[in-house]
Amino acid sequence: MHSPSAASLAFLSLAALVKAGTVTYNWDITWVWAAPDGFGRPVIGVNGQWPCPKIEATVGDTIILNLNNKLGNQTTGIHFHGINQISTPDMDGPSGVTQCPVPPGSSVRYQWVADTPGSYWYHSHNMGQYPDGLRGPLIVHDTNDPYSGQYDEEVILSVSDWYHTESLDLVRNMLTPSNVQFRPPFPDSILVNEGQPANINFTKGKTYRIRLINFSAFASAMIHIDSHDMNVIMNDAAYIQKEKTYMLRVTAAQRYDFLVECIDRDNRNFPYLIGLDTNRDFTNASLGVTWPQNYTGYFVMDATKDMTKVDVVQEWKPADDSHFKNYNGDGVWGPYNHLIQLDFEFCKDVNGYPRACFNNVTYIGQKVPTLYTAATTGNNNTDPTIYGQVNPFVVKYGDIVQIVVNNLDAAGHPFHLHGHHFQVLDRPKSGTGKWPKRDTNYASSPNLRDTVAVDAKSYAVLRFKADNPGVFLFHCHIEWHVEMGLTATIIEAPDKLAGMSFPTDHINNCQLQNIPYQGNAAGNTQNYTDQTGFITVPPTTYNGATYIPGSSKRSRILGPFA
């Protein structure tokens, strides 16, 4: 056995570049009338159609998305969920963080390399907008798939909660002092494949790779297939050692790739059941666990045969994904040299409005997008105070960062990190309490994810390598809780961000709205540590993504508290 020479590695890299292509999409973001569950309402679509189209590429391809905002009354933007944006942090997409929102009549180009294979999705990351429909699957195929040859066909299966009321009104009704229980909007129905046909052709002797993606704003989803197991090979675009399961729970924003085999004894149509989990804690029967929104689809061997049988689950007992093992058998990264502990609970702001807090602080979007502050404040960009109340945590390049989330709430919550996969070292059951501040007995080959479910009154211990300079959010992926402020900001390797330049069209969108794009959080380019003009109290009027021209409105259109 011998190691490849530098010359041979260079040849392989060149060969990969030659094979890589460019995939270009031209999208007009438009309002569309749709009734995916039978109830008609306006939704946000692409090129006059909804559901929104799939983005598809192969590892190494460059993806270009030319986006034109033709909504007329709302700003917009796109986040590519799970894509790490290596060397392209300005393409991550959250408004007020890595870009200014795109106003009506304007456009933006996103360009990035699909460097890691897997099942992803894209969605608006612009003031609670994506529950109105601006979301879709994003698939990056792997020419070196370790499970290649073990399946014959691929099927995308999306699941989502769905609301009959537009997001703007839902959040306005939530963000009111009378909401003393911090109650989020509850969905009206469940959608599978956005209301499109979701039966799966099932042929004897074939194995199917199901790419399950949860687009929800709030709900998790359970899945079970009649008389068949699911062999999980990937979660959140990270390969795992194959894990046989019978039930899965996929939270908002999570993805699972699993194999389902049609074996010799199969001779009928098999129902599968997906149930929305809107319970505070499905493991705690004392809270009154219910499952009112369910969907039955079929693995169809013969379309002329019966498709009335339903799959009945007496009790949901999904696999514990925190016990899944990463494909390569890698051990725990470390030791860590940077600890971020985030204690989450609901809170109220000074005006009595319901908010969500990390360490007693709610996220408030500032005037200057955070990445632009990191790029334009020189050596001061290592000072977290210049970024305002975005819950900033500055980490150095090369740090091993441990994030501990203490969930003090009586409900489970999914937390997502932009820009990275993290190792899930520990994720104990509901009611365990706060992290005991020990670093022993962690998983030996930790699972990698970008979104983790943290159980009620419990905690999770996560770890990532700070090897991707940028500004990346860590937030609850219940969209309503993002709007309540349940977000922190990782300022990663700011010394490598200083002086970064941005595409002209990105800056133009700031200028069109009189949004400052240089200096500290308030746009001060002379004295970066001067906090005059920082936004320190969330606005009491919520306008979401509504476009209101004029500089006097610029603070409204930049943060999640509009």
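Reader: How do the residues lining the second largest cavity divide into nonpolar, polar and charged?

Author: The lining has three nonpolar, six polar and two charged residues. Nonpolar here is Ala, Val, Leu, Ile, Met, Phe, Trp, Tyr, Cys and Pro; charged is Asp, Glu, Lys and Arg; the others, Gly among them, are polar. This is a predicted model, so local features need pLDDT of at least 70 and side-chain atom pairs pLDDT 80 or more, while totals for chains, interfaces and linings use all residues. Residues are numbered from 1 along each chain as its sequence is written, and side-chain values use heavy atoms, with hydrogens and water left out.

Reader: Which residues line the second largest cavity?

Author: First, the general idea. Rolling a probe the size of a water molecule over the atoms shows where empty space is left. A cavity is a set of points, on a 1 Å grid over the protein atoms alone, where a 1.4 Å probe fits but cannot get out; a pocket is an open set with protein on both sides within 12 Å along at least five of seven lines; lining residues have an atom within 4 Å of a point. In this model, Gln74, Met127, Gly128, Gln129, Asp132, Glu166, Ser167, Leu168, Asn543, Gly544 and Ala545 line the second largest cavity. Its space is about 60 Å³. A volume is the space filled by probe spheres set on the points, with grid points joined across faces, edges and corners.

Reader: How many cavities of 30 Å³ or more are there?

Author: The count is four.

Reader: Where is Gln85?

Author: Gln85 is in the loop between strand E5 (79–81) and strand E6 (107–113). Its phi is near 55 degrees, a positive value in a residue other than glycine. At 1% relative accessibility, Gln85 counts as buried.

Reader: Which residues lie nearest the centre of the largest pocket?

Author: Phe282, Thr283, Trp316, Lys317 and Pro318 do, out of 29 lining residues. The pocket has a volume of about 620 Å³. Its lining has 13 nonpolar, seven polar and nine charged residues.

Reader: Now the strands. Which way do the residues of E21 point?

Author: In a regular strand the side chains alternate between the two faces of the sheet. From E21, Pro354, Ala356 and Phe358 point one way, while Arg355 and Cys357 point the other way. Five of the five residues of strand E21 (residues 354–358) are buried, so the strand is largely enclosed by the rest of the structure.

Reader: What joins E20 to E21?

Author: Five bridges join strand E20 (residues 338–348) to E21, and the two run antiparallel. Two strands pair if DSSP finds at least two bridges between them. Lys348 has Pro354 of E21 as its bridge partner. The hairpin of E20 and E21 has five residues between the strands, and Gly352 there takes a positive phi near 85 degrees.

Reader: Where is Pro335 relative to E20?

Author: Pro335 lies in the loop between strand E19 (294–300) and E20. The Gly334 to Pro335 peptide bond is cis, with omega near 5 degrees. The bond from Trp50 to Pro51 is also cis, with omega near 10 degrees. Pro51 is in the loop between strand E2 (41–46) and strand E3 (55–58).

Reader: In what order do strands form the open sheet with E19?

Author: The order is E11-E19-E18-E13-E16, with mixed pairing. Strand E11 (200–201) and strand E16 (247–250) are the edges, each pairing on one side only. Strand E13 (residues 220–225) pairs with E16 in the antiparallel sense over four bridges. Met222 has Arg249 of E16 as its bridge partner.

Reader: Which strands pair with E28?

Author: Strand E23 (residues 400–407) pairs with E28 in the antiparallel sense over eight bridges. Strand E25 (residues 422–426) also pairs antiparallel with E28, over three bridges. In E28, Ser458 is the bridge partner of Asn407, and Val461 that of Asp426. Strand E28 (residues 458–465) is mostly covered, with seven of its eight residues buried.

Reader: Which residues touch the most other members of the largest nonpolar core?

Author: A nonpolar core is a set of buried Ala, Val, Leu, Ile, Met, Phe, Trp, Tyr and Cys residues joined through side-chain atoms within 4.5 Å. Of the 69 residues in the largest one, Phe258 and Phe415 touch the most other members. Another core lies apart from it, with 34 residues, among them Val23, Cys52, Ala57 and Trp112.

Terms used:
Buried means under 20% relative accessible area, exposed over 50%, partly exposed in between (1.4 Å probe, protein chains only).
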